[in-house]
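Could you take a look at this one with me? I've jotted down some notes to go with the picture.

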Amino acid sequence: MKLITVKNYDEMSQKASSFILDLIQSKENPVLGLATGSTPEGLYRYLIEAYKEGKASFQHVTTFNLDEYVGIERADANSYYSFMQENFFKHVDISPSQTFLPNGKAADLQAECEDYEQLISNASQIDIQVLGLGLNGHIGFNEPGTPFSIRTHVVDLEESTREANSRFFESIDEVPTQAITMGIGTIMESKMILLLVSGEQKAEALVRLFTNEVSEEFPASILQNHPNVVIIADEAASKHL
Ligand code: GLP
């Protein structure tokens, strides 16, 4: 794992955007794995800026998001579908038919997970998978204890994860109890992983990422086994390293 330490959130976002822009400028049909949460918002702002300045086009880009809540409509402001529209897709020239997220309202969730896996394998391979880091080490919504080999699946969210994400909802009762997430097995097949870590509250998780043995109890620890991981962390997040 290669660690790049930067000053703050803005520098982290800009640095991350440079990896994505290099890829889309050099590859004909790039495939991106995308994440939601507060961490990648700045990255998306830089990508939008590059598009508006005429430095990048997303016309030939395909994207797969990591996860989606179960049980909320795509049109709901708290769906990850809406997050992606608002924070990225609607501002650039990406084709709506090339942006994929699991459907958390699918009648048959199991079939939805299988279909999502199929779509990813049809696209061959994710070139860069963007990841954030959960406080408990989760990646996507793969909570501690999730088998490393698992593919896209339905997950019961930990109380601590629901609490951490309740800041986006009116109350914790509105935070869904389940989600569909790309599995760790799926994530690990990406060509490159770009893990973004910002803020003091992530400092402990970042230490564990480097010091923990590879263990399902700390899902992100599996990244130690991936051949091409770049971690971009700001000073606050890396203060205990
Ligand atoms: C959320 C998402 C993850 C995200 C993580 C960190 O629950 N499912 O994909 O990376 O938790 O979120 P944040 O960036 O808001 O700290």
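Here are my points, going from the overall fold to single residues.

1. First, the ground rules. This is a predicted model, where local features need pLDDT of at least 70 and side-chain atom pairs count only at pLDDT 80 or more, while totals for chains, interfaces and linings use all residues. Residues are numbered from 1 along each chain as its sequence is written.

2. Overall build. The protein comes to 7 helices and 10 strands; these are DSSP runs numbered from the N terminus, with helices (H or I) of at least four residues and strands (E) of at least two. Its C-alpha trace spans about 45 × 45 × 35 Å along the principal axes.

3. Of the 241 residues, 42% count as buried. Buried means 20 or more other C-beta atoms within 10 Å of a residue's own, exposed means 12 or fewer, and partly exposed is in between, with C-beta atoms placed from the backbone. Among contacts with a separation of 6 or more, 80% join residues 24 or more positions apart (a contact is two C-beta atoms, placed from the backbone, within 7 Å).

4. The core. What touches the most other members of the largest nonpolar core? Met84, Val130, Leu131, Leu194, Leu195, Leu196 and Val197 do, out of 60 residues. Strand β9 (residues 192-197) gives the most to this core, with 5 residues. Such a core is a set of buried Ala, Val, Leu, Ile, Met, Phe, Trp, Tyr and Cys residues joined through C-beta atoms within 7 Å. In soluble globular proteins, nonpolar side chains tend to be buried together.

5. Leu43 touches Ser13, Ala16, Ser17, Val130 and Leu196, leaving out residues up to four places away in sequence. Ser17 is 26 residues apart from Leu43 along the chain, yet their C-alpha atoms are separated by 5.5 Å.

6. UniProt, in an unreviewed entry, lists Asp67, Asn136, His138 and Glu143; its positions use the numbering here, feature names are shortened, and annotations may be inferred rather than shown by experiment. Is Asp67 buried or exposed? Asp67 is buried, because 23 C-beta neighbours sit inside 10 Å, and it lies in strand β4 (residues 67-69). Asn136, in the loop between β6 (128-131) and β7 (153-156), is partly exposed, with 17 other C-beta atoms within 10 Å. Beyond four places in sequence, Asn136 touches Glu143, Pro144, Glu158 and Ser160.

7. Toward the chain's end. Ala236 is in the segment after β10 (229-234) and is partly exposed, with 16 other C-beta atoms within 10 Å. Ala236 and Lys7 are 229 residues apart in sequence but 8.2 Å apart in space, C-alpha to C-alpha.
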